Amino acid sequence: MRVLSGIQPSGSLHLGNYFGMMKKMIDYQEHQELFCFIANYHAMTSLSDGKALATGTLEAAANFLALGLDPEKSVFWVQSDVPEVQELTWILSNFTPMGLLERCHSYKDKIAKGIAANHGLFAYPVLMSADILLFQSETVPVGKDQKQHVEVTRDIAIKFNNHYGDTFTLPDPEIDDQVATVPGLDGQKMSKSYKNTIDLFLDDKPLRKQIMRIVTDPTPVEEPKDPDNCNVFQIYRLFLDKEQQAALRQRYLAGGLGYGEVKQELFETVRDFFAPYTERRKELLADKEALRKILADGAQKARWAASKTLRKVRKKTGLIY
Ligand code: TYM
């Protein structure tokens, strides 16, 4: 099975990115054909600082590799190193009804927040469709916020296939119920734009500070508490197996558990969980040339796969004359 997903290099990674997408991708590399990329073209919709984008791209690559992505077992590249995706975006644009894009929640939410609409933001899902279809992806592991974009991809692919004959594989989003929407410090979806994230690779002090900011209710220490309505529990459970979750649940229900105490435990858990990866990340970032070489090799593999699809598409659409 061919699995593909991407991540934007706009700023630091958070637990939502890790559990919603990265962890699953890293697990997949053992048994599936994995395609994984850094979506730097997409990041341009929210980032217009060239230096920050360039630095962020290398950091995002180092993050993924440090967390366990193996470039020998997967195809791992930076989106803009495979410019074929832009040609396919244009071609697909001609099979994308305006209404389909106008209905996208992600676009509508951003406009509602007062972000000025531009064409890049509007066409974001078409570029994402090109990412997915160019590689004939079957499964796309994402968080719930990206589900609609994968559905748009299917719609565009169906339209194209109906017109020019079978060309693109129809992809399915893969969304794990347990981590479909990882909550942030305030219980809303964890997201950089809500400033409610717990970031990966932080030093102890800022990490602890973020965790201590998790919003809790005023139930006194001695009283029983409801784990299902507790932001600390909802985040903590991501690190626990079933038995550990049941044990923590019991402590909540029994009363006598202070939120300060459970936050401190969560802080130690997060810190210890990511500690081994932090070292590896430092090593990777210390040798940028080696990092660029890994990405260049990945891009070469990706271009090879991309050119196969694009050749077919160019032929069918009459671009080869
Ligand atoms: P990005 O960088 O915004 O997010 C990367 C992945 O993290 C998931 N995610 C979450 N999952 C659960 N809970 C959360 N709180 C949370 N926050 C983020 C996102 O759903 C995503 O899977 N458009 C994509 C990047 C992309 C892409 C693609 C993905 C570009 N082309 C092609 C798949 C296929 C995005 O939003 O990335």
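1. Helix axes are lines fitted to C-alpha atoms over the stretch in contact, and angles run from 0 to 180 degrees between N-to-C directions. With that convention, and bearing in mind that this is a predicted model, helix H7 (residues 119-134) packs with helix H8 (residues 147-164) at an angle of about 70°, their axes being 9 Å apart. H7 is therefore roughly perpendicular to H8, since angles of 65 to 115 degrees count as such.

2. On the H7 side, the residues that meet H8 are Pro-125, Met-128, Ser-129, Ile-132 and Leu-133, and their counterparts in H8 are His-149, Val-152, Thr-153, Ile-156 and Ala-157. Sorted by class, this contact of H7 with H8 comprises 7 nonpolar and 3 polar residues, with no charged residues.

3. H7 also belongs in a discussion of the ligand, for H7, strand E1 (2-7) and helix H1 (15-28) each contribute at least two residues to the shell around the ligand. Of the 25 residues around the ligand, those that come nearest are Gln-8, Gly-16, Gly-20, Gly-143 and Val-182. The shell divides by class into 11 nonpolar, 11 polar and 3 charged residues.

4. As for the chain overall, the secondary structure amounts to 13 helices and 5 strands. The radius of gyration is 21 Å, close to the 20 Å that the globule rule gives for 321 residues, so the protein chain is as compact as a globular protein of that length. Of these 321 residues, 37% count as buried, and among contacts between residues at least 6 apart in sequence, 78% join residues at least 24 apart.

Terms used
Residues numbered from 1 in each chain as written. Predicted model: local features only at pLDDT ≥ 70, side-chain atom pairs only at ≥ 80, totals over all residues. Helix = DSSP H or I, 4+ residues; strand = E, 2+ residues; numbered from the N terminus. Rg over C-alpha atoms; globule rule 2.2 N^0.38 Å. Buried ≥ 20, exposed ≤ 12 C-beta atoms within 10 Å, placed from the backbone. Contact = placed C-beta atoms within 7 Å. Parallel < 35°, antiparallel > 145°, perpendicular 65-115°, else oblique. Nonpolar A, V, L, I, M, F, W, Y, C, P; charged D, E, K, R; others polar. Near = placed C-beta within 6 Å.
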